[in-house]
Amino acid sequence: MHALKKEKLLFAHYFTIIYLSRSTIAQYFGNKVFTFGSGCKCVDIKTKCSYQSYFSTHKTSFLVYKTHLLIFKNKLDLDRKIFSMDFKIELTEESRLNTVDFSNLVFGKVFSDHMLVADFENGKWNTPQIKPYGKFLVAPSMSALHHAQSIFEGLKVYKNENGDILFFRLEENQKRLNVSAERMCMPAVPKEIFIQGIKKLVEIDKAFIPSGDGLSLYVRPIYFATDEAIGVKASQNYRLIIFTTPTGPFYSEPLKVKIETHYSRSAEGGTGYAKAAGNYGGSFYPTKKAMEEGFQQLIWTDAKENKYVEESGAMNLMFAFDDVLVTPSLSASKLAGITRDSIITLAKSLGIKVEERNISVDEIIEKHEQGKLKEAFGVGTAAVIAPIAIIGYKGQTINLPAIADTNISRIIALELQKIRTGQTADKFGWMEKL
Ligand SMILES: Cc1ncc(COP(=O)(O)O)c(C=O)c1O
């Protein structure tokens with residue numbers, strides 16, 4: 001039992017965990033008989049899941065969890081032998097690489113050569129295709145256009161000085177996509193399509209990954225309803241598309257943001273915790289009004305009382321009150337940002353005190369008046385860390401202190417950058433090499 005626990009810890013640290021359904025297991029392993037361990041209970045140190053049984057062959061170890069079999073083995077072997085998902089691949093005849101100005105990358109305007117398309121039809125996933133990036137036909141009756149049964153994700157891939165291609169916490173995006181899918185009544189996207197699909201796509205278009213400060217390849221998965229039917233109900237058919245765009249810094253200067261006290265992005269019981277397309281469409285009008293007043297972005301407040309700050313645009317929000325990093329606690333109205341989680345983890349590891357709790361607008365004003373409001377910043381994949389210079393609230397203006405190298409946000413941004421580029425040890429196991 002002791003040896004087993006030790007082995008389990010090693011697995012969780014060094015090997016990729018792959019979830020396979022029982023039907024997939026049958027497909028790969030047929031009726032081979034495995035020896036089961038004796039009713040031991042193991043707890044995964046990352047997911048906190050406990051597993052019901054353990055068994056192993058001389059080469060591979062397995063754990064059974066609910067309806068899934070978890071296989072622990074060297075990742076590359078898994079990719080090659082067990083988990084080589086079939087993709088139909090059609091490569092472009094005319095690359096657009098020469099048309100990309102890598103010295104002047106604007107967010108989300110130029111696209112790599114290929115995209116992945118996977119359709120869920122008649123209750124099952126078809127073989128995913130990787131094909132030239134391009135337009136596709138859409139029927140006017142396509143369900144997603146009518147009722148916004150449509151979700152998306154966003155993640156970045158980095159190339160370091162050695163030319164290594166590095167993914168940052170890819171599995172977190174896969175998990176969140178399926179949290180969003182569940183909320184929007186859509187079938188889950190299998191891990192092998194999402195993760196293997198992104199890896200394959202990035203490998204094919206690796207020439208589009210820029211390297212250098214603040215540069216990366218942004219990966220955009222979109223997933224939407226495709227029934228040709230306008231009845232108000234969940235679609236039966238869906239499409240996943242994944243495409244990529246080489247990208248540079250998101251914001252070029254510290255932001256001027258307005259605390260919104262009338263319009264809401266989301267409410268308890270709504271879809272705020274999902275990356276649902278409609279959440280963003282609904283935010284444009286209030287944001288446009290704030291822009292007309294000279295702001296670049298909004299800080300959303302809670303829908304019930306407009307008293308507590310929630311997020312800023314498409315970013316989570318953080319403050320430094322003196323030397324404490326304070327951020328709104330997660331709730332059903334906020335998106336659980338992967339950058340937010342990474343920053344909290346990093347801050348704690350650097351000995352910075354972190355508080356996740358409700359933050360009222362009154363408290364922000366009070367802390368400012370007391371000289372304790374040192375920093376405010378948005379955090380998200382696209383911008384990573386976006387410092388806020390000015391906060392507007394009901395005609396009042398809060399000016400944040402000038403940014404200094406000693407700022408918590410700067411220290412953490414630097415640390416994160418070092419992990420992402422491989423300059424520092426990845427002790428959290430966030431990076432994965434292609
Ligand atoms: C509403 C919203 N909040 C927060 C975030 C930050 O999330 P992440 O750090 O995972 O990019 C995003 C971006 O995905 C977002 O759209």
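## Working through loops, strands and a ligand shell

Asp322 is found in the loop between β20 and β21. Helices (H or I, at least four residues) and strands (E, at least two) are DSSP runs, numbered from the N terminus. The model is predicted, so local features need pLDDT of at least 70 and side-chain atom pairs count only at pLDDT 80 or more, while totals for chains, interfaces and linings use all residues. Residues are numbered from 1 along each chain as its sequence is written.

### Exercise 1: the hairpin

Find how β20 and β21 pair, and decide whether Asp322 is buried or exposed.

**Solution.** 
- Step 1: Start with the pairing rule: two strands pair if DSSP finds at least two bridges between them.
- Step 2: β20 (residues 315-321) and β21 (residues 324-327) are joined by three bridges in the antiparallel sense. Across this pair, Phe321 faces Val324 of β21.
- Step 3: Now look at the turn. β20 and β21 form a hairpin with two residues between them, and Asp322 has a positive phi of about 50° although it is not a glycine.
- Step 4: Apply the burial rule: 20 or more other C-beta atoms (placed from the backbone) within 10 Å of a residue's own make it buried, 12 or fewer make it exposed, and anything in between is partly exposed. Asp322 has 12 other C-beta atoms within 10 Å, so it is exposed.

### Exercise 2: from strand to helix to strand

**Solution.** 
- Step 1: β21 and β22 (residues 353-356) run parallel, joined by four bridges.

### Exercise 3: the shell around the ligand

Which element gives the most residues to the shell around the ligand?

**Solution.** 
- Step 1: Among the residues found are Gly154, Glu311, Met315, Asn316, Ile338, Thr339 and Arg340. The elements giving two or more residues are β20 and α9.
- Step 2: α9 gives the most, with three residues.
- Step 3: By type, the shell holds four nonpolar, six polar and two charged residues. The classes are nonpolar (Ala, Val, Leu, Ile, Met, Phe, Trp, Tyr, Cys and Pro), charged (Asp, Glu, Lys and Arg) and polar (the others, Gly among them).

### Exercise 4: a proline between two helices

Place Pro190 in the chain, then check the span of α5.

**Solution.** 
- Step 1: Pro190 sits in the loop between α5 (170-183) and α6 (191-204).
- Step 2: Pro190 has 22 other C-beta atoms within 10 Å, so it is buried.
- Step 3: Trp125 is 65 residues away from Pro190 along the chain, yet their C-alpha atoms are separated by 8.7 Å.
- Step 4: The expected span of a helix is 1.5 Å times one less than its number of residues. The 14 residues of α5 should therefore span 20 Å, which agrees with the 21 Å between its end C-alpha atoms.

### Exercise 5: one more loop

Is Lys394 buried or exposed?

**Solution.** 
- Step 1: Lys394 lies in the loop between β24 (384-393) and β25 (396-399).
- Step 2: Lys394 is not a glycine, but has a positive phi of about 45°.
- Step 3: Lys394 counts as exposed because it has 8 C-beta neighbours inside 10 Å.

Note on methods: Near = placed C-beta within 6 Å.
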